[in-house]
Amino acid sequence: MYKKLSCPPCLFGLCDEALPEVKSFSLSTQCHAEAFSPLAVIYYSDDPDEQLETLNTLVSECLERDGPLRKVRVTRPPAPWMKDPLIKEFQKKRDSARFTAHQTSTDAAWHECRSVRNKLKSAIRTARNAFIEKAFYSNKSRECKALRFDPDELNDFFATTAQRTLETRATPIEDLTCLIDNLPDVPSGSMRFQLSPVTSENVLQVIKNVRSDCSTGADQIPTRFIKMELDSRAVDMNETLVDSNLALNPAKTKCMLFSTPQMSSYHSLAERPIHLSVGDKPLERVHSTKLLGVHMTDTLKWDDHVKHLASSCYGVLAALRKIKNFTNYHLRKHLVECLVLSLLDFNDILFHPITDCLLKRLQHIQFAAVSFVFGHCVNKIDSILKLRWLPMKERREWHVLKAAHKRMLSPSDWLNSLDNLLGYLTVYWDGMLMLTGDINIDILRPSDHLTKRYQGILDLFELTQIVERPTRATRTSKTLIDHFITNHPQSDHDAIYACVNVRLPRFQPHYKFIRDIRNFNEDVFKEDFSTLPLSVIYYSDDPDEQLETPNTLISECLDRHVPLRKVRVTRPPALWMKDPLIEELQKKRDSARFTAHQTSTDAAWFEFCSVRNKLKSTIRTARKAFIEKAPYSNKSREVWKVIHRVLKPSARPLRFDRDELQRFLRDDCSENTRDSGDPNRGSHVPD
């Protein structure tokens, strides 16, 4: 008796990670091998399972001999849209253009390679978007099929779920039936919950609407299900401030409403007013601000902060590159650590979770700093590690780890660690021991429990803290928290140190005389000058007296019309103050200050403060522009000559011979006399 058994196709299915090796597979060889396979052995057994297993084993071994399995690595998810003929054609063109560009290394070849590559990327994006839209909204949706399970078995499975997972007994069906029967009736006129049949298109439309609303964060709640309740009543913060013993300046205080971009767009939060005030002054609402050097937005995005940070760092590097030829390697490294890395590290744990795009931008800044140190372009992490620096990602994580460790390590734990460290050093080291640092334990408070324990540890190991004066002094307190601990407090001589004052000397005020031209009249001055008796110089034979006489006459005339006035110079010359915009703002400031003193209203003082701050900002901008423009002018020699003349005026006397100067004045007077035709004048000129 013969039986014909059919093997289900699932038994010969292949997994996703193992594929048959078909490179050397031959169909004729496979058929020849199956012809000689001992398939008849399946009839020597009466067990159907054993017959099926024997048949599967023979066929699998035959496949392994001719088409063995090989392991392949899947690096990305399936992309059916990549089978588009247009994409395959672009891929061939890209490979050919890239090979040609590497072989020739010409600009035209590389331009052609980039052009084909961009076309390929655009075609892939278009095909991918078309595939996704077609997959979600296809008319050929899969038909609904009935469940291939026994209803009773399925019911038992769900009924015992609580017992299998929570190890508790499920609620009996009788109790549930009793609970449903005892529910109150629905009042008349109320809305009943009804179920209605839906189609696959309705479900997809609801999913699309929910996805468009996005989520509010880790709770994954769509914004359309969040109800925004903003109180429309005005809230005065004075009561809260008085209770908390705080004070706010309403002119400098701003308010901001934090939310996600999706929630702000859905609920129109940017258009909703916020009624907060301090006294009778409403607070101004802003969407972005700068707080302690960090640029914040109401959506908590850090793009603006990274943008300003990059601008500052690149500006510092641009200034440092101008002096790179006068610095060595160690000085360049020290300058970058102080001026660039300090900016990157400032408050970096505040905006630690940032996107890869912003992190990559910060990494580019660090590469630029490393390039300045080495003197050539650097774009590899190995070069950063040579400087014993960490890349930006690891550097930021290290700062977060230090902050977390500092918060987790209590003073008591630190004292335990200090006790263990000193015990280890005492056993293995018998020489001089010096320990110094910011301990943050005030020795001036001996009654404090931490101070007592700290002093006990020092006494136990025979150590002495030799600093006696307070190391931190404020207006209200003095503390000694910086310690120097040693086991040899006595020495044959004191330490040698020097204090260097690196601060710039302050400008010392001085006085100078200027001409007062406020009441000057040009016509009156010309008339008075024309009546000066300058001819009296010819009645003297002494050249010095002849020179002194006209000088005295002209000086007296000037003093009558533009007298000298003594002024006090309290600051060095500032040429940028002659800007018309600065002069206009100075007039507005003086007018606003006069109005504020006359009226004494909050609005007037707010206007004065606003104009004053604007004037200060304009002065800083003009001064910075003047300083940047002056040293790098095309006429740098003349610029520095004027600067040195202003800062260090020459005290040397005039380099003229008195006899030559006297001869020059005598010849000049004789020539003027002959031209005038007066013989009496010439007779009084000495030979």
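This is a predicted model: local features need pLDDT of at least 70, side-chain atom pairs count only at pLDDT 80 or more; totals for chains, interfaces and linings use all residues.
Residues are numbered from 1 along each chain as its sequence is written, local features need pLDDT of at least 70, side-chain atom pairs count only at pLDDT 80 or more, and totals for chains, interfaces and linings use all residues. Side-chain values use heavy atoms, with hydrogens and water left out.

Start with the whole chain. The protein chain holds 25 helices and 16 strands. Helices (H or I, at least four residues) and strands (E, at least two) are DSSP runs, numbered from the N terminus. Of its 687 residues, 21% count as buried, meaning under 20% relative accessible area with a 1.4 Å probe, protein chains only. The chain exposes about 54700 Å², and carbon and sulfur atoms supply 56% of that area. Accessible areas come from the Shrake-Rupley method with a 1.4 Å probe. Now take contacts (heavy atoms within 4.5 Å). Among those between residues at least 6 apart in sequence, 65% join residues at least 24 apart.

Next come the helix pairs. Two packed helices are described by the angle between their axes and the distance between the axes. Axes are lines fitted to C-alpha atoms, for helices over the stretch in contact, and angles run from 0 to 180 degrees between N-to-C directions.

Look at helix α12 (residues 329–339) and helix α14 (residues 356–374). Their axes come within 8 Å and cross at roughly 160°. That makes α12 roughly antiparallel to α14, a term for angles over 145 degrees. On the α12 side, Tyr-329, Arg-332, Lys-333 and Val-336 take part; they meet Ala-369, Phe-372, Val-373 and Phe-374 of α14. By class, this contact has 6 nonpolar residues, no polar ones and 2 charged. Ala, Val, Leu, Ile, Met, Phe, Trp, Tyr, Cys and Pro count as nonpolar, Asp, Glu, Lys and Arg as charged, and the others, Gly among them, as polar.

Move on to Arg-395. This residue sits in helix α16 (residues 392–408). Is Arg-395 buried or exposed? Arg-395 counts as buried, because its relative accessibility is 13%. Leaving aside neighbours within four places in sequence, Arg-395 touches Leu-341, Asp-345, Trp-389 and Leu-390.

Finish with helix α17 (residues 411–428) and helix α18 (residues 449–460). They pack at an angle of about 5°, with axes 11 Å apart. The two are therefore roughly parallel, the term for angles under 35 degrees. Residues in this contact include Leu-415 and Leu-422 of α17 and Tyr-454 and Ile-457 of α18. The contact divides into 7 nonpolar, 2 polar and 2 charged residues.

Definitions and conventions
Angles under 35 degrees count as roughly parallel, over 145 as roughly antiparallel, 65 to 115 as roughly perpendicular and the rest as oblique. Buried means under 20% relative accessible area, exposed over 50%, partly exposed in between (1.4 Å probe, protein chains only).
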